[in-house]
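Dear colleague,

Please find below the structure that I am handing over to you. My notes on it follow directly after.

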Amino acid sequence: MKNFLILIVTVLIQINFAQVVSYKIGDEISRLDKVSSLSPISNTIIDIITIGDTIWLGTSRGVSLSTDRGETWTNFYGRADFGTDNVSAIGYNNGTFWCATAISQEVTGGQKLPAGTGLKYTTNLGITWNSVPQPIDGQNDNQIQYGINILPALPVTVTVQNLCYDIAFTGNTIWIATFAGGLRRSTDNGQTWQRVVLPPDNKNSISPTDTLDFCLAPVGGSFCSVGNLNHRVFSVIAINDSTLLVGTANGINKTTKANDPNPSWVKFNHQNQTNPISGNFITALGYNSVSNTIWASSWKAEDQDEFYGVSFSSDGGLNWQTTLADERPHNFAFKFAQPIVLTDNGAFRSTDNGQTWILPNAIVDNQTGAQLRTNIFYSAAVTGNYIFLGSDDGLARLKENIGSVWQGEWKVYLSSSSLESSDDTYCYPNPFSPRQELLKIRYSTKGVLENVTIRIYDFSFNNVATVIQNAPRLTDIEGAPDFWDGRDDNGNYVPNGVYFYRIEIGNSDPVFGKILVLQ
């Protein structure tokens, strides 16, 4: 049996008095890194960008690219010019694709924290990659000029907790949202970076002609005693070449002068507006150019009156409506005027500007029968009548019927190591803990549509459960798995022990595998 451990990127962001932010990145082991394949090599899809037939994925195992709307994929992982770091953000501007990378780094006391490892960009669909180091400051970079002011600034001299969560572009300027590094911009393809001054917590706006007295720092302490939540930056989007929105732990900052050396800013948060956002911790931003609407993932920060949800504005941020209360959104996408909100409880979509929401029914591949079994969605993108959904356990593509919502032809991509041959089988994770995960069973029908039956037996070869019976399946050595939830035919979780599975494929001889259940 082969063991296959899926890398899971877990972002644990805890807003409390200390404003602790941690970003844990696990380890993934795979027997085979597929450069070109029928699917991405990661099941954790952090972000998606579509440009016509071209699809870019930022994943837990590098970047994946399709130039034929998802029929085939090229995976950039493990190459000398790309490396094996995780992708934390992606962006696209005028033919250039960018990604930010990160690793998990052990610090004092054995704790592991995220560390930025820089950015990469390609102008030729990944044939070659250019690397940019993670922006850091020198020890003496303790001041910054903003208009008529010289402000004290905390030098960010390390990469720990200094990683890029989002990327945006105005003209030829690249903007990155980093936690410890704050908001930064570059006008020379990342060769040099400038720290960008945002309002402190106690000000709702700043201008370069103001007389100001605060310090620029993402963390509290002896260096800076004033509030610093608005210098902890997590999201950034450009509405046009002069208008930029920046999401922090203290709200949404907007400038209409992004090209100025020292942009002026106005801040929107839960406390300073009559019709405010739901919460000040802005983990994601989106802009619908069809409806001219700003969308924000507005999580609860420190105020007890704040709440988790989605906030949206159709007047440039002056007034906000809230919806999907108590949901914790991760990202946004749009099909024409219809928003798609990615959350831990599904991919919500609205046809009436956020008044009501529709979830997809079961996401099942129309050809193979493979099913996306998770409710946790991180990303989505739309091109024509195709919708791509990225989750914590696979990618889905919907070729949507014209005039419908979530109806059409589904294709599901579930990455795993290829079978050694068309007569091979394996399952993962193994050992398997039913209350925490689903067992995935891999096999091949040799590229032919066959009726498949999978049964589970205990160590004495007594029948325990029937996973599927005479179900039509079409798969090959890279195909999608079937799933067992660890329950018997009576719906009870099976006890710890050794189990066997038997796969009957058409009229072929059955194949067998072994499972270790350990809870």
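How many disulfides does the count come to? The count is 0 disulfides, where a disulfide is a pair of cysteine sulfur atoms within 2.5 Å. The sulfur of cysteine 99 has its closest cysteine sulfur in cysteine 164, at 9.7 Å, and this is too far for a bond. Cysteine 164 is likewise in no disulfide. Cysteine 99 is buried because its relative accessibility is 0%, and cysteine 164 is also buried, at 1%. Here buried means under 20% relative accessible area, exposed means over 50%, and partly exposed lies in between (1.4 Å probe, protein chains only).

Please note that this is a predicted model, in which local features need pLDDT of at least 70, side-chain atom pairs count only at pLDDT 80 or more, and totals for chains, interfaces and linings use all residues. Residues are numbered from 1 along each chain as its sequence is written, and side-chain values use heavy atoms, with hydrogens and water left out.

Helices (H or I, at least four residues) and strands (E, at least two) are DSSP runs, numbered from the N terminus. In a regular strand the side chains alternate between the two faces of the sheet. Two strands pair if DSSP finds at least two bridges between them. Strand β36 (residues 426-428) is antiparallel to β37, with 3 bridges, and tyrosine 428 stands opposite lysine 440. Strand β40 (residues 482-484) also runs antiparallel to β37 and is joined to it by 3 bridges; there, aspartate 482 is the bridge partner of isoleucine 441.

The loop between β36 and β37 holds proline 429 and proline 431. Which kind of peptide bond runs from tyrosine 428 to proline 429? That bond is cis, with omega near -10°, and the bond joining asparagine 430 and proline 431 is cis as well, with omega about 15°. Most residues other than glycine have a negative phi, and most peptide bonds are trans.

Two phenylalanines have a positive phi. Phenylalanine 336, with phi of about 55°, lies in the loop between β27 (331-335) and β28 (338-343) and is exposed because its relative accessible area is 62%. Phenylalanine 461, with phi near 65°, is in the loop between β38 (450-457) and β39 (463-473) and counts as partly exposed, at 41%.

Yours sincerely
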